[in-house]
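Subject: Structure for you to look at

Hello,

Here is the structure I said I would pass on. Please open it first, then read my notes below with the residues on screen.

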Amino acid sequence: MSTILLVLFYQDLFFLNPNLGWATFFEFSSPSNISYVYKTTNGGNNWTLVSETNFTTGLVSGNLKFVNENTGFLYDDIYHGRIYKTVNGGQNWNIIYNDPDQLLVSLDLSINNPGNMYVAGYKSTFPVLLKSTDYGMTY
């Protein structure tokens, strides 16, 4: 007889406008660990799963921000030091920043210029503050 442990954690919720929003969850289970991104287009009345990834090899849920209906960012708070970007509403995510020695704890976008992204975290015992002016392509 085998035992399966399943623990589902809510990570973040972000609304671009009153109708369009995303939520991230991750599941610690045996034998796999899964990250989920859900999307609503009607103010949260209904939610659709837009991506599901085994995060031992891929995306991990974290702080979530979108600049429009297609382009969004999230940071990885399990494997540390990774920032992901989507250009298709959360269906696919690509790593745009990776420093495994860092622990990222916050990501935010400028209200006046969403191309400006700010990330805070730690490397060893020292604070890390990152700024990008090109949607996370350089810091």
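**What was found**

Trp47 sits in the loop that joins β3 (33–40) to β4 (48–54). Please keep in mind that the model is predicted. Together with Leu13 and Phe15, Trp47 makes up a nonpolar patch on the surface, and the three have about 250 Å² of accessible area together. Trp47 itself is partly exposed, because its relative accessible area of 34% falls between the limits of 20% and 50%.

**The whole chain**

The protein has 11 strands and 0 helices. Of its 139 residues, 42% are buried. The protein exposes about 7,700 Å², and 52% of that comes from carbon and sulfur atoms. Among contacts with a separation of 6 or more, 31% are between residues 24 or more positions apart.

**Salt bridges**

How many salt bridges are there? The count is 2.

One of them joins the side chains of Lys65 and Asp108, at 4.0 Å from N to O. This pair links distant parts of the chain, with Lys65 in strand β5 (residues 64–66) and Asp108 in strand β9, 43 residues apart. Lys65 has a relative accessible area of 18%, which is under 20%, so Lys65 counts as buried. Asp108 is partly exposed, with a relative accessible area of 40%.

Strand β9 covers residues 102–109. Leaving out residues up to four places away in sequence, Asp108 touches Lys65, Asn116, Met117 and Tyr118. Asp108 and Asn63 are 45 residues apart in sequence, yet their C-alpha atoms are 8.5 Å apart in space.

Another salt bridge is formed by Lys123 and Asp99, whose closest N and O atoms are 3.0 Å apart. This pair also links distant parts of the chain: Lys123 is in strand β10 (residues 117–123), Asp99 is in the loop between β8 (94–98) and β9, and they are 24 residues apart. Lys123 is partly exposed at 33% relative accessible area, whereas Asp99 is buried at 14%.

Asp12 belongs to strand β1 (residues 6–15).

Regards

Notes:
Residues are numbered from 1 along each chain as its sequence is written. This is a predicted model: local features need pLDDT of at least 70, side-chain atom pairs count only at pLDDT 80 or more; totals for chains, interfaces and linings use all residues. Side-chain values use heavy atoms; hydrogens and water are left out. Patches are made of residues with over 30% relative accessible area and no salt bridge: like charges are joined within 9 Å, nonpolar side chains (Val, Leu, Ile, Met, Phe, Trp, Tyr) within 5 Å. Accessible areas come from the Shrake-Rupley method with a 1.4 Å probe; for residues, only the protein chains shown count as cover. Helices (H or I, at least four residues) and strands (E, at least two) are DSSP runs, numbered from the N terminus. Buried means under 20% relative accessible area, exposed over 50%, partly exposed in between (1.4 Å probe, protein chains only). Contact means heavy atoms within 4.5 Å.
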